[in-house]
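User: I would like to learn how to read a structural model feature by feature, with the general idea given before each case. Could you take me through this one?

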Amino acid sequence: MSIRVGDAAEAPPFQKAVLTLLGDTQLRQNVRHATDVITQKRAQVVAEQTDWQELRSAASAIKTHVLQYLDQYLSQFEAACTAAGGHVYWATDADEANRIIVDLVQQHGSREVIKVKTMTSDEIGLNRALEDSGIHPHETDLADMIIQLGNDKPSHIVVPALHKNRQQVREIFMQKMGLRELGDNPEDLTAAARQYLREKFLNVKAGISGANFLIAETGGVCVVESEGNGRMCVTLPDTLIVLAGIEKVIPSFRDLEVFLQLLPRSATGERMNPYNTIWTGTQSSEGPQQLHVVLLDNGRTRVLADREGRQTLHCIRCGACLNTCPVYRQTGGHAYGSIYAGPIGAILTPQLFEMKHAQSLPYASSLCGACYEVCPVKINIPEVLIHLRGRVVREQRASASLEGIAMKVMSRIFSSRRRFEAAQRLGKLAQWPFVSNGWITSLPGELGNWTTARDLRPMPKQSFRDWWREREKGKQS
Amino acid sequence: MTEIHSAARAAIFSRIREANSTINAAMRTAGYQNIQREYQQSASMSRETIVRTFAERLHEYDANVYESTPTAVSSIIAQLLAAYGQRSAIVAKDVPREWLPKDLNWKKEAEASIGDFDKAEDAIIVCETAIAHTGTIVLRDSRRLSLLPDRLLCVVRERQIVETVPEAIKRLQPFAADALTFISGPSATADIEMTRIRGVHGPRILDIIIVRD
């Protein structure tokens with residue numbers, strides 16, 4: 001088994017990565033602007049939807065139900081999709097999924113593929129696997145194109161290039177598209193992308209897409225997008241490969257009435273995004289003659305096994321929790337070291353890894369709860385964060401870390417009055433070199449982890465216990 | 001590949017069952033039926049308000065909206081095409097002949113090649129249903145015709161317009177396994193500095209003619 005979430009296994013801890021990023025004022029300005037715009041638009045269209053809370057409750061109930069009967073719904077989807085002319089494949093991890101997809105493209109004989117934005121393909125590192133086999137993937141979503149041409153990494157689930165401004169995009173396009181002139185209006189840049197990709201859409205014979213929803217009842221796939229690149233990729237090629245996590249299945253066509261109201265409002269602040277495509281197998285007179293659906297586990301069944309953590313699999317990847325998060329709004333997405341950034345990334349990434357990597361992420365939060373409030377499928381992210389912090393601590397305690405030893409010593413001290421009072425006397429003596437102007441601003445060694453972010457008041461000359469003892473004495477006399 | 005593939009399937013299914021070992025597998029249907037759906041599922045506005053809301057929402061997302069009587073459709077189409085300097089279009093199969101201007105040089109969708117779709121400036125289509133609440137038209141078929149030309153003109157009959165998304169999904173249920181396309185405004189992006197731009201890869205212009213019954 002090799003669970004992979006992009007390059008997150010090699011990423012530095014959040015608290016370290018953040019130090020450089022916080023110094024990048026351009027990046028912070030870009031992120032702040034983008035998240036401000038989306039949160040405002042979202043607030044408006046959510047406010048006008050009078051049954052918003054009822055929709056959230058229904059979505060949460062549907063997702064809870066699907067996860068309980070996931071095996072049944074997946075086999076129902078498999079049977080219906082196969083009956084409609086599709087082929088279904090199963091991959092336990094990233095490597096298996098990559099191998100299946102590379103084989104399918106090679107069997108088809110194509111040297112290039114057109115791709116619709118799919119976070120799942122970034123999760124398994126599909127582009128690298130394709131390139132290693134001599135297949136060129138063309139990202140067709142405007143933001144993904146900016147990332148691919150700029151050799152960059154996505155920093156947001158929905159708008160992956162929000163950390164780049166127009167001048168930066170212009171430079172990337174001019175260089176990589178070989179243009180001598182190009183304006184820096186978003187209109188000019190978008191027109192350049194349209195021209196660059198039209199020929200690919202018409203000529204490349206293999207396409208790769210993700211899926212927003214897999215419909216168990218019909219075997220259908222639903223892809224939600226804005227630009228039309230998604231429709232190009234799922235309509236025009238002969239062969240289409242759909243990569244989707246196993247949690248993407250929903251029971252019935254009818255359930256779309258819930259999710260298609262929640263997702264666009266949460267993701268981009270639109271009442272409905274410009275395009276949704278729903279298609280089933282290869283029965284349509286238009287569309288690919290070959291349809292392959294690759295269903296990916298890559299750690300999801302382990303998340304499912306954790307009773308508190310499994311609600312993470314409700315996620316429909318709208319990105320609302322990123323936009324509203326006071327931590328994400330300061331740092332941007334790259335600090336999280338994972339293609340899944342922000343609050344949802346902070347709970348999803350470490351869980352997919354079975355807490356072996358990305359252990360710093362559950363701490364990348366102030367636990368303010370804004371993410372839970374905006375989540376359209378009611379994932380209680382703060383609750384899961386605390387649960388995961390507990391898992392991190394339990395694992396560290398088992399491995400006899402310095403912190404673990406310190407906590408054991410503390411528990412001995414706190415469990416006896418004599419030891420506690422002795423420690424207080426010792427503390428009062430030991431603290432004096434660190435006190436200046438009535439504050440402790442820097443402590444040595446491991447204790448410094450506390451004072452990097454907070455100042456402390458020194459211990460008072462007289463403890464409460466001493467004061468109480470004196471008071472009682474005074475009464476008696 | 002087949003062997004690895006079925007081993008992977010078996011492994012995933014056994015892990016799911018283990019994770020759900022306390023769930024009674026026979027309770028699925030009852031569990032699904034018990035899901036509380038307290039959101040709005042039927043219309044709450046008058047027909048007139050529904051049509052007006054549909055037009056407003058389309059307008060807000062940069063579509064152009066025209067109202068017509070059944071007999072005036074062809075002259076509105078003629079005016080629109082004239083304004084674009086066009087006398088030709090590709091036409092979807094369910095568009096009634098009497099809606100097409102007499103002097104229009106038109107091609108049937110079924111006879112058009114991918115090159116024709118790409119070169120065409122104008123497409124004329126109809127929809128299966130339309131949603132007032134979100135300013136959406138839903139198409140069966142015409143996947144390429146509604147995507148490749150630069151301008152898309154859709155004629156919507158008043159009775160096709162519903163107020164809410166759940167009502168539309170109910171109407172679409174018989175066609176759930178067909179290819180369905182939901183269109184809400186022209187193709188758009190906000191990927192660069194969150195500035196909304198019309199017309200990325202799909203049509204730049206969306207014209208909607210509402211035919212009053």
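This is a predicted model: local features need pLDDT of at least 70, side-chain atom pairs count only at pLDDT 80 or more; totals for chains, interfaces and linings use all residues.

User: In what order do the strands of the open sheet in chain A lie, and what is the sense of their pairing?

Analyst: Strands of a sheet pair through backbone hydrogen bonds, in either a parallel or an antiparallel sense. Helices (H or I, at least four residues) and strands (E, at least two) are DSSP runs numbered from the N terminus, and two strands pair if DSSP finds at least two bridges between them. Here, 6 strands of chain A form an open sheet in the order β1-β10-β7-β4-β2-β3, with parallel pairing. β1 (86-91) and β3 (136-139) of chain A stand at the edges with a single partner strand each, so one side of each is left without a neighbour in the sheet. On average, neighbouring strands of this sheet are turned by 25° against each other, direction ignored; such angles run from 0 to 180 degrees between N-to-C directions, with axes being lines fitted to C-alpha atoms, for helices over the stretch in contact. Within the sheet, strand β4 (residues 206-209) and strand β7 (residues 239-245) of chain A pair in the parallel sense over 4 bridges, and A:Ala206 stands opposite A:Thr239 in β7(A). Helix α4 (residues 70-83) of chain A lies across β1 and β10 (290-296) of chain A, at about 145° to β1(A).

User: Which strands pair with β6(A) in the antiparallel sense, and is β6(A) largely enclosed or left open?

Analyst: Burial is judged by counting neighbours: a residue is buried if 20 or more other C-beta atoms lie within 10 Å of its own, exposed if 12 or fewer, and partly exposed in between, with C-beta atoms placed from the backbone. In strand β6 (residues 220-225) of chain A, 6 of the 6 residues are buried, so the strand is largely enclosed by the rest of the structure. A:Gly220, A:Cys222 and A:Val224 point one way from β6(A) and A:Val221, A:Val223 and A:Glu225 the other way, and all are buried. Strand β5 (residues 213-215) of chain A pairs with β6(A) in the antiparallel sense over 3 bridges, with A:Phe213 opposite A:Cys222. These two strands, β5(A) and β6(A), form a hairpin with 4 residues between them, and A:Gly219 in the turn has a positive phi of about 80°. Strand β9 (residues 275-280) of chain A also pairs with β6(A) in the antiparallel sense, over 6 bridges, and A:Thr280 in β9(A) is the bridge partner of A:Gly220.

User: At what angle do helices α9(A) and α10(A) pack, and which residues make the contact?

Analyst: Angles under 35 degrees count as roughly parallel, over 145 as roughly antiparallel, 65 to 115 as roughly perpendicular and the rest as oblique. Helix α9 (residues 166-177) and helix α10 (residues 186-203) of chain A pack at about 30°, with their axes 10 Å apart, and are therefore roughly parallel to each other. The contact, which requires C-beta atoms placed from the backbone to lie within 7 Å, involves residues including A:Phe173 and A:Met177 of α9(A) and A:Leu189 and A:Tyr196 of α10(A).
The axes of helix α3 (residues 52-68) and helix α12 (residues 256-267) of chain A come within 10 Å and cross at roughly 120°, which makes α3(A) oblique to α12(A).

User: How many residues of helix α8(A) are buried, and what do they pack against?

Analyst: In helix α8 (residues 142-149) of chain A, 7 of its 8 residues are buried. These buried residues pack against β3, α9 and α10 of chain A together with β10 (188-189) of chain B. Just after α8(A), A:Asn151 takes a positive phi of about 45°.

Notes
Residues are numbered from 1 along each chain as its sequence is written. Chains are lettered from A and ligands numbered from 1 in the order in which they are written. Two residues are in contact if their C-beta atoms, placed from the backbone, lie within 7 Å.
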